[in-house]
Amino acid sequence: DQTVQVSFDITPDKPGHHDHVFRVPVQEAERIAFNNRSAFTVAVLENRLRIFLAEGVPNWDSKFLVQLLRQQPTMQVTSVYRLSSDRFFRVETDLSRVSESSTSVFPDTPEALRAYDVIVFGKGAEYFLTPERIQRLRSFVRDQGGCVLFSRGKPYSGDFAELEPLEALTWGEPLGAPFRFRPARAAESGLFGDMLPAATDLIWAKLPMLQYAHRPMALKAFSQILAEGVVEAGGKEMTIPVLVSRRFGKGMVVTLNAEGLWQWGFFPAVKEATRMYDDLWVQCVLWAAAYSEFLPGQEYALRLSEASVLPGVP
């Protein structure tokens, strides 16, 4: 008649994904035994995740995110901020390596992109990306198994036709109401392989509300809704996709369709909610990177010459 916390130390002997199972024996007179088993996976990395973050319109969301990622012993972060039309500021994880440039400091070759595992965009992606860079970014994800994370909703102003094929959704009109964050059915047992609470956990309703989302016009092929925004109006509940992942070739694209997440860590409504900001972002980055098929040094990939054909056409 107690609740007890138990810790298990696991020390895998090689990199990769390692599957484990918790089991407890069926007790006398126990009628429900299907929940006596719980599987989980440990992802073991050889090196620290290398993250490049580009922020064209800095604000609290990007500041809190970079600070959090720099604190992780498993991550190495390079961030570039646009200060004005001709001034960019670059910061390495080693804070002694800080520089200012008159050109947008963005990886300009396939080799430079392959130096990173995850590319993160805040707002103002248009200040960093040219058509040539977008083509290299698509190849980085599709052919090399890299990961792109859009961390603050729609990453550009207006339209950006060259970047649109890489994204997980087609942007619609802004949503003019705040909303609650809730894991979707695809994550019923918990987000990111049970690393975060399930949708039924009361903790989600206690978190500060988010804002500045867009109503997606459509989801792209191979996109999956991991979390949704819940808007309550007139006694009715409406949902929109808020956290969306998309398989793109070998790699992964993840979009957070919201802003204001930093308030989770700064204005926690309840004590147990204080870790949700850290846990959501850290687990999201680790999950997205681990499930991309990133192969450092891989130079070649196979793909079809046409994405869709009629039946009977070779």
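Tutor: Aspartate 117 is buried, because its relative accessible area is 11% and the cut-off for buried is under 20%. This is a predicted model. The side chain of aspartate 117 forms a salt bridge with that of arginine 50, with 3.2 Å from N to O. Arginine 50 belongs to strand S3, whereas aspartate 117 is in the loop between helix H2 (110-113) and S7, so the bridge ties together parts 67 residues apart in sequence. Arginine 50 is partly exposed, at 26% relative accessible area.

For the protein, the mean pLDDT is 87, with 91% of residues at 70 or more.

Both S3 (49-55) and S7 also take part in the packing around helix H1: the buried residues of H1 pack against these strands, as well as against strand S4 (75-84), strand S5 (87-91), helix H5 (263-266) and helix H6 (276-290). H1 (residues 60-70) is largely enclosed by the rest of the structure, because eight of its eleven residues are buried. Among them are Phe64, Leu65, Val66, Leu68 and Leu69, along with Asp61 and Arg70.

Another joins the side chains of arginine 182 and glutamate 237, at 3.4 Å from N to O. Arginine 182 is in strand S10 (residues 180-183) and glutamate 237 in strand S13 (residues 236-248), so this pair ties together parts 55 residues apart in sequence. Glutamate 237 is partly exposed, with a relative accessible area of 47%.

A further bridge is formed by the side chains of arginine 275 and aspartate 278, 3.2 Å from N to O. Arginine 275 counts as partly exposed, at 48% relative accessibility. Salt bridges also link Glu55, Lys123, Arg152 and Glu259 into a network.

Technical notes:
Residues are numbered from 1 along each chain as its sequence is written. This is a predicted model: local features need pLDDT of at least 70, side-chain atom pairs count only at pLDDT 80 or more; totals for chains, interfaces and linings use all residues. Side-chain values use heavy atoms; hydrogens and water are left out. pLDDT is the predictor's confidence in each residue, from 0 to 100. Buried means under 20% relative accessible area, exposed over 50%, partly exposed in between (1.4 Å probe, protein chains only). Helices (H or I, at least four residues) and strands (E, at least two) are DSSP runs, numbered from the N terminus. Contact means heavy atoms within 4.5 Å. A salt bridge is a side-chain nitrogen of Lys or Arg within 4 Å of a carboxyl oxygen of Asp or Glu.
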